[in-house]
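These are my notebook entries on a structure that I looked up.

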Amino acid sequence: MTPETVRSLLIVEDDLALQKQIKWSLDRFESVTAHDRSSALLQMRKCLPAVITMDLGLPPDADSVSEGLKLLEQVMAFDPDIKVIVLTGQNDQANALRAVAMGAYDFFAKPFEPELLNLTVERAFKMFELQRENRRLQALHQPDALSGLTTRDPEMLRICRTIEKVASSNATVMLLGESGTGKEVLARGLHQASPRRVEKFVAINCAAIPENLLESELFGYEKGAFTGAAKLTLGKIEMAHGGTLMLDEIGDLPLSLQAKLLRFLQERVIERVGGRQEIAVDVRIVCATHQDLAALSKDGRFREDLYYRLAEIVVKIPPLRERVGDAALLAHAFVRRFVQEQNRSAMTLADDAVQAVENHLWPGNIRELENCIRRATIMADGSQIGCDDLGLKGPQNDEADTSLDLRVIRDDAEKRAIVAALGRVNGNMVRAADLLGVSRPTLYDLMHRLALK
């Protein structure tokens with residue numbers, strides 16, 4: 001293992017003679033020691049151990065298990081993946097089981113067999129490494145249903161995993177985000193990742209249809225229900241039977257229809273306009289809005305009971321300006337797409353254009369960026385799109401990192417720099433390594449450690 005991956009063993013024992021004995025019996029592992037809760041917490045933050053052996057009876061109250069259980073609780077809060085092996089007295093099985101219920105990996109009664117403790121510690125280390133490798137692989141995985149979503153931003157990748165996780169359920173999902181952030185792309189990805197993907201995905205924009213027509217658009221109408229109703233017409237809800245219905249801009253749904261939608265969500269039946277028959281509909285609801293529905297409900301402009309019915313799973317989509325490296329990455333992708341659509345010869349973004357894309361705040365998000373690149377590919381004269389072709393100028397949106405943990409700051413800074421460099425050079429590893437001032441093997445090692453694909 002490299003120095004970056006070595007994880008130590010922490011031995012917490014107030015009896016110094018026994019502490020020395022335990023360390024000697026576990027001499028095959030790189031270990032550090034502590035004698036009370038405060039020194040154990042200090043060593044844990046300093047050495048980031050993978051495995052901890054600890055006595056529950058610690059000073060200042062060595063006759064009680066209160067300090068040991070409190071330390072165990074703090075260890076689990078710091079990193080629940082740390083494997084804690086509790087050492088207890090012969091007649092202390094109740095507290096040992098209590099420790100396991102709190103998250104301890106295993107327990108041993110004193111006096112213990114050194115060979116068995118060695119075996120348990122070794123197994124705990126292997127389990128820790130397997131779980132860490134599993135998390136790394138999960139971080140690299142992006143659901144096939146969302147393969148059309150172009151991103152390297154850690155928060156967006158986390159959202160993709162959330163969408164994949166909830167897709168198999170029938171829970172109602174609320175997508176919150178500014179206009180142009182890709183809410184419909186995620187809604188379609190949710191549908192494609194669900195068992196309903198063989199049925200229809202139906203979307204309706206609640207803000208784009210006049211209030212007097214919206215009810216018939218949603219619920220349908222019977223023949224003769226009103227002037228001009230020449231035939232029975234299914235509404236969007238009924239059309240999506242067996243599939244997924246996306247209610248876009250749900251915050252603009254009139255109050256008069258909110259009660260009717262709430263009844264449908266509760267009973268899963270509808271009545272067409274002009275009809276008297278209840279019709280059962282099986283549909284998965286995904287709603288989206290750029291508005292603050294919680295604030296609207298407090299102001300009386302959105303039903304509070306409807307809000308809580310819709311907000312079973314809430315996904316907050318960050319704006320483009322907060323996605324690390326995505327602006328440049330998307331810009332390169334849009335150039336390739338529009339060049340192909342317009343049958344133009346190969347075009348690329350000049351360095352000043354990439355810098356302008358990265359510095360712009362994109363109030364219109366991905367939709368604004370897409371339109372900007374489309375216009376530039378049409379209007380640019382040469383094979384390179386320059387800053388003037390984009391028409392962009394704006395300050396850089398710097399964000400202060402408030403973390404004081406040096407390891408977290410270093411990892412975050414390295415991840416941001418690598419993602420930004422890859423976005424700027426369109427994924428070219430050689431050029432990215434040159435920009436970062438490292439060798440290509442070093443860049444590959446960094447990307448592996450930081451779980452960057």
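I began with a bridge: Leu175 has Ala288 of strand E11 as its bridge partner. I note that strands (E, at least two residues) and helices (H or I, at least four) are DSSP runs, numbered from the N terminus. Two strands pair if DSSP finds at least two bridges between them.

The model is predicted, so local features need pLDDT of at least 70 and side-chain atom pairs count only at pLDDT 80 or more, while totals for chains, interfaces and linings use all residues. Residues are numbered from 1 along each chain as its sequence is written, and side-chain values use heavy atoms, with hydrogens and water left out.

I found that E6 (residues 173-176) runs parallel to E11 (residues 284-289), joined by four bridges. E6 also pairs with E12 (residues 313-316) in the parallel sense over four bridges; there, Leu176 has Lys316 as its partner.

I then checked the faces of E6: Val173 and Leu175 on one side, and Met174 and Leu176 on the other, are all buried. Buried means under 20% relative accessible area, exposed over 50%, and partly exposed in between (1.4 Å probe, protein chains only).

Next I looked up aromatic pairs and noted four. Ring centres of Phe, Tyr and Trp (its six-membered ring) must lie within 6.5 Å; planes under 30 degrees apart count as stacked, over 60 as edge-to-face and the rest as tilted. Tyr221 and Phe226 are tilted, at 4.8 Å centre to centre and 55° between the planes. Tyr221 is buried because its relative accessible area is 18%, whereas Phe226, at 36%, is partly exposed.
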